[in-house]
Amino acid sequence: MTQNSAVSRDDTALGDIRVLDLAGEIGQYATKLLADLGADVIKIEPPGGDPVRALPPHYAKDSDLSLYWLNLNTSKRSVTLDIETDGGRELFKRLVATADVVVETFAPGYLDSIGLGYDALAALKPGLVLTSITGFGQTGPHAGYLAPDIVGVAMSGTMWLAGEPTDPPNVPPWRQGYISASIMGAAGTLTALLYRDRTGEGQHVDVSMQEALSMTQETAMQTWDMNEALRVRTGARGVLPLEIPGMGIYECTDGYVFGYLGTPGGAPWSVMLDWMTEEGKAADLNEAPYKEFIDGLNLRFLTGMFQEPATMSEKIKIMTHLMEVLRAFVAGKSKWEMYEQGQNRRLMWGIVSTPEDIAKNPHLQTRNWLAPVQHNGDTLNYPGKPYWLSESPWAIHRRPPLMGEHNDEIFRGELGGAADEWKRLEETGVV
């Protein structure tokens, strides 16, 4: 089914763990991370199906197939179950007795209101880990507020820092709030499982999207706490107060590269000048005052130049000319030429990759990073390993499930019971 289908769950990190997945969009990446580590994740959908199945984008060959949903639900099984009914709650409790973890994203207090809160579930299964992923956590004045992704990135401070200086606050691409909350949800779950294995005690893991996104602010919080100064949007320039030659985005013949020249870890700017000179495209940069300026162009020099305001005007003129010549040089090359030829000189250039670039990246292809998965005769390539584990391999163990695909397998095969019982539950809309 996949390139990793030979990996047995017995050889994975979480092959002995069962997870009941009640998560909506904000938490489905968390359960995917657990499933691809080998956990038996049972996706519990309402009888009409998970609403995320309808979200775009859709597969070109099947307009009912959400690529977004597929990406979030690899390696899982699916059952349909209405936990708002008495019969559904009783059946869910039977599943809880077989589980190690429940992941949910309902509004705080909802599970308690239907008799399925942490205390009730822990009484059924001592040692159970309940992970709740919401916009603002289980407590506090905002706990009950609605929080789609855009609210999370706004309230966390991330949006304030995103964009060019002349822009209003920008929304980061796609669902960065949900992804960040899910990553922290998975990490919290694994930590709680480790504690349970040591002590036998389960616990309630409370994840707030607003708090999970706090790390994306870099030093913005410290800048306010220590200096009472607000970091502002700087775009491609980063934290530098003005444009510096070789730092930022440069256009090529077929896209863009990002440069970070003259900084620790890479070759000095003078190596860039040597490259341009070899190709006869250095213009007058080997002449005064440019050559001397380039020889001293490093991070320490840039930090010190702002302490000499009397010479700033002349330095800015020199840097403006350097950028003009450099942009003309880069504009004549493809992004792969800039990247590979620059890296061979230890110059810090990187491709601003499109999705197509990533799919065709020779380094990722050599590492077999993309994971092919069969869907009704078609092969779809999924983003691959987020980490390589030498002894407990990551793997996509099965394609994302059809709605309720495993009802019989789990409800009848694993929980047992008479056929007429399951027929009655189906007829009454419980499953």
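**Entry 1: α11 and α14**

I looked up the handedness first: α11 and α14 cross in a left-handed way (the near helix is turned anticlockwise from the far one by less than a right angle; clockwise would be right-handed). I note that this is a predicted model, in which local features need pLDDT of at least 70, side-chain atom pairs count only at pLDDT 80 or more, and totals for chains, interfaces and linings use all residues. Residues are numbered from 1 along each chain as its sequence is written, and side-chain values use heavy atoms, with hydrogens and water left out.

On the α11 side I found Trp269, Met272, Trp275 and Met276 in the contact, and on the α14 side Val325, Leu326 and Phe329 (contact means heavy atoms within 4.5 Å). I sorted these residues by class: 7 are nonpolar, none polar and none charged. Nonpolar here covers Ala, Val, Leu, Ile, Met, Phe, Trp, Tyr, Cys and Pro; charged covers Asp, Glu, Lys and Arg; the others, Gly among them, are polar.

The axes of α11 (residues 269–278) and α14 (residues 312–331) come within 12 Å and cross at roughly 55°. The pair is therefore oblique (under 35 degrees is roughly parallel, over 145 roughly antiparallel, 65 to 115 roughly perpendicular, the rest oblique). Axes are lines fitted to C-alpha atoms, for helices over the stretch in contact, and angles run from 0 to 180 degrees between N-to-C directions. Helices (H or I, at least four residues) and strands (E, at least two) are DSSP runs, numbered from the N terminus.

**Entry 2: the buried side of α11**

Which residues of α11 are buried? I listed Trp269, Met272, Leu273, Trp275 and Met276 (buried is under 20% relative accessible area, exposed over 50%, partly exposed in between, with a 1.4 Å probe and protein chains only). Seen down the axis, they fall within an arc of 160°, so they line one face of α11. The arc is that of the directions from the helix axis to the C-beta atoms. They pack against α12 (290–295), α14, α15 (335–344) and β11 (349–351).

After α11 comes Gly280, with a positive phi near 70°. I then checked the loop between α11 and α12, where Pro289 lies. The Ala288 to Pro289 peptide bond is cis, with omega near 0°.

**Entry 3: α1 and α8**

I moved to α1 (residues 28–36) and α8 (residues 176–199), whose axes come within 7 Å and cross at roughly 45°. These two are therefore oblique as well. Their crossing is right-handed. From α1, Gln28, Tyr29, Ala30, Leu33 and Leu34 take part; their partners in α8 include Ile179, Ile183 and Leu190. I counted classes here too: 8 nonpolar, 4 polar and no charged residues.

**Entry 4: other backbone checks**

Pro56 and Pro57 are joined by a cis peptide bond, omega about 0°. Pro57 sits in the loop between β2 (40–45) and β3 (58–59).

Asn368 is not a glycine, yet its phi is positive, about 50°. I placed Asn368 in the loop between α17 (362–366) and β12 (371–375). Is Asn376 buried or exposed? Asn376 counts as exposed, at 78% relative accessibility. Its phi is also positive, near 50°.

**Entry 5: overall**

I logged 19 helices and 13 strands. Buried residues make up 45% of the 431 residues.
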